[in-house]
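Me: I am new to this structure. Can you show me how to read its features, one by one?

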Amino acid sequence: MKEWFITHFPNVVQLGWTGDTGWANSIVQTLFMTFWSAIFGGILGLIFGIALVVFDDNGILPNKIIFNIVDKIVSFFRAIPFIILLAFIAPFTQFLVGTQIGTTAALVPLAFGVFPFYARQVQVALESVDSGKIEAAQSIGATNWDLIFGVYVKEARSELVRVSTVTLISLIGLTAMAGAIGAGGLGNTAISYGYNRFASDTTLVATLLVVILVIIIQLIGDFLARKLNHSIKK
Amino acid sequence: MTENIIELDKVNVKFPLKDKTIHAVKDVSLSIKKGDIFGVVGYSGAGKSTLVRTINLLQKPSSGIVKVLGKEFYKNVDGKEKNISVGDLRKERRNIGMIFQHFNLLNERTVQDNIAFALKHSKLKEKEIINKSIELLDLVGLKEFAKSYPAQLSGGQQQRVAIARALANDPEILISDEATSALDPENTNQILDLLKKINQKLGLTVVLITHEMDAIKRICNNVAIMDSGELIEKGNIMDIFVHSTNPVTRKFIGNSFDAISILNSLNLSKKPDAIVQLTYTSDDIGSPIIVELYKQFGVKANIIYSNIEVLQDKPIGTNLIGIDGNQDSIKKALNYLHESNIKVTEIKEEQ
């Protein structure tokens, strides 16, 4: 088995497990980028998504000005292709983390790349909450805070898990591009050490690892979404 | 006990749309007494829901005065708007429970937590909140479902939970917005009886919005009838039922409408000289009227159709009778019936 692997995947073996170009390193880099940009982008996206629902004309605090500002910011960042965003946002990255390259530097464009996408998904998820429930909560004297977290977020939690899963998976897609600013990761391995060196075995293994990662996230997401949903009889 | 708990004065609600304004509620004035069960009836789109939503300001009026529990919630009589503060409104709303057509329970909370959610801002401690939730569930007969989720309950049960939630903060008013419209007849009656029980037990004022006259008949003391945003008639249900001559009201009550269709379906071979509908309460019938009509006026009365309905536990009779005799005697006979406090409606056959 081991020999068969060495014969058929020589470049994969050559990269090794440890070291700068090793597989362990690129897996960790992908997980690191995905995790932290999901946290930052997620928080940002959640805030913007909630704002889009709350300040909407039919929301609990209708405000055209705030809604339009939030809406335009989200649309603006969504319109920029990620590979361009990497370059566009570089000065801001420099200001924030002190460098424009590397895994940590990639977190800034990743977070900014993913938050508008997530914000839109959160908006749709929260809007799925029946306005009657909001009205009922208002009729018992709920505060705006209660309405946002006690009704909107809580009632939509299963839907939020679902859209978070989708977002997380597309975020993994974005981390592959972060290789362009030296952030490493599985995507970078597939392109730099695989494709560019005509080492198709490396590309194949890197791709498979990404696919496995995506499947695991999808399975966990589906499980949680089912577990958190009590709106159907079961 | 005759204090007005809700006072609406010349309330208007307008919805401005792009090309026109919808005037949903037009100059409606209404006062509801403490401890009353007050019905608001009308067809869909009559504005009854919009009107009642102004009571807890879920719907802001365009003008008028809304006074609830002695406090002015909203006032705009001279173009200057005065609103209760957001914080005060929130507190006052806890004195006004509300239940809805589609129950509007929170699906991701257990039945018990749905009620506890309403108590979040009460002064009760966590343990007391749990106890109170269970107590309320007991009141609506659902104690054993405390840990269930709303989706696991039937519609009637969900509405009971909604009632328990609405009662959580010991409100003085309960608004029921088409709360039985999505339920089957049996559940409808159970919910209505529960509302009546709560009204009697807790002294709660109930405002019942519905398009079903049967619901009003079952539990209301007073009723207001709305049609295209206007309040057509209001008053004691017995009075309205027996004496109202307003065509929309009569259509809602149903009797004269029924009478015509019954008459048409009977296909009488020999038409009587006059057909009248008599409506009366049990207090009104002292003498055997059919016999009296013959004895005093020489007219022969024939009962075509007869029906008794129960309003607030009091029977109301409706008779459709054909009268044969000369015109003069019939006139006198009808006058006699009038004087006996029986409501007489002449039915002209229509095709």
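Me: Take the strands S12 and S14 of chain B. In which sense do they run, and how many bridges join them?

Reply: For paired strands, look at direction and bridges. This is a predicted model, so read each feature as a computed one. Strand S12 (residues 274–281) and strand S14 (residues 314–324) of chain B run antiparallel. Eight bridges join them.

Me: Are the residues of S12(B) buried or exposed?

Reply: S12(B) is mostly covered: eight of its eight residues are buried. Then look at the two faces. B:Ala274, B:Val276, B:Leu278 and B:Tyr280 point one way. B:Ile275, B:Gln277, B:Thr279 and B:Thr281 point the other way, and these are buried as well.

Me: What follows S14(B), and where does B:Asn326 lie?

Reply: B:Asn326 sits in the loop between S14 and helix H12 (327–339) of chain B.

Me: Now a whole sheet. What is the strand order in the open sheet of six strands?

Reply: In chain B the order is S7-S8-S9-S3-S10-S11, and the pairing is mixed. Strand S7 (96–99) and strand S11 (230–236) of chain B are the edge strands, each pairing on one side only. Neighbouring strands in this sheet are turned by 15 degrees against each other on average, direction ignored.

Me: In what sense do S7(B) and S8(B) pair?

Reply: In the parallel sense, over four bridges. S8(B) covers residues 173–177. B:Gly97 stands opposite B:Leu174 in S8(B). A helix packs here too. Helix H5 (residues 155–166) of chain B touches S7 and S8 of chain B. The direction of H5(B) makes about 170 degrees with that of S7(B).

Me: And the open sheet of five strands: what is its order?

Reply: The order is S2-S1-S4-S5-S6 in chain B, with antiparallel pairing. At the edges are strand S2 (21–33) and strand S6 (82–83) of chain B, each of which pairs on one side only. Inside the sheet, five bridges join S1(B) to strand S4 (residues 63–68) of chain B. B:Leu8 has B:Val66 as its bridge partner, and B:Asp9 has B:Ile65.

Me: What takes place between S4(B) and S5(B), and which residue there has a positive phi?

Reply: For a hairpin, check the link between its strands. S4(B) and strand S5 (residues 71–76) of chain B pair in the antiparallel sense over five bridges. The hairpin has two residues between the strands, and B:Leu69 takes a positive phi near 55 degrees.

Me: How many aromatic pairs are there over all chains?

Reply: Look for rings whose centres lie within 6.5 Å. The count comes to 14 aromatic pairs over all chains. Ring pairs also build a cluster in chain A. They link A:Phe48, A:Phe76, A:Phe77, A:Phe88, A:Phe92, A:Phe95, A:Phe112 and A:Phe115.

Me: What is the volume of the largest pocket, and which helix gives the most to its lining?

Reply: The largest pocket has a volume of about 1200 Å³. Its lining has 39 residues, and A:Gly59, A:Ile60, A:Pro62, A:Gln138 and B:Leu58 lie nearest the centre. H8(A) gives the most, with five residues. Among the elements that each supply at least two are helix H7 (103–127) of chain A and strand S1 (4–16) of chain B.

Definitions and conventions. Residues are numbered from 1 along each chain as its sequence is written. Chains are lettered from A and ligands numbered from 1 in the order in which they are written. This is a predicted model: local features need pLDDT of at least 70, side-chain atom pairs count only at pLDDT 80 or more; totals for chains, interfaces and linings use all residues. Side-chain values use heavy atoms; hydrogens and water are left out. Two strands pair if DSSP finds at least two bridges between them. Axes are lines fitted to C-alpha atoms, for helices over the stretch in contact, and angles run from 0 to 180 degrees between N-to-C directions. Contact means heavy atoms within 4.5 Å. Rings of Phe, Tyr and Trp (its six-membered ring) pair if their centres lie within 6.5 Å; planes under 30 degrees apart count as stacked, over 60 as edge-to-face and the rest as tilted. Buried means under 20% relative accessible area, exposed over 50%, partly exposed in between (1.4 Å probe, protein chains only). On a 1 Å grid over the protein atoms alone, a cavity is a set of points where a 1.4 Å probe fits but cannot get out, and a pocket is an open set with protein on both sides within 12 Å along at least five of seven lines; lining residues have an atom within 4 Å of a point. Grid points are joined across faces, edges and corners, and a volume is the space filled by probe spheres set on the points.
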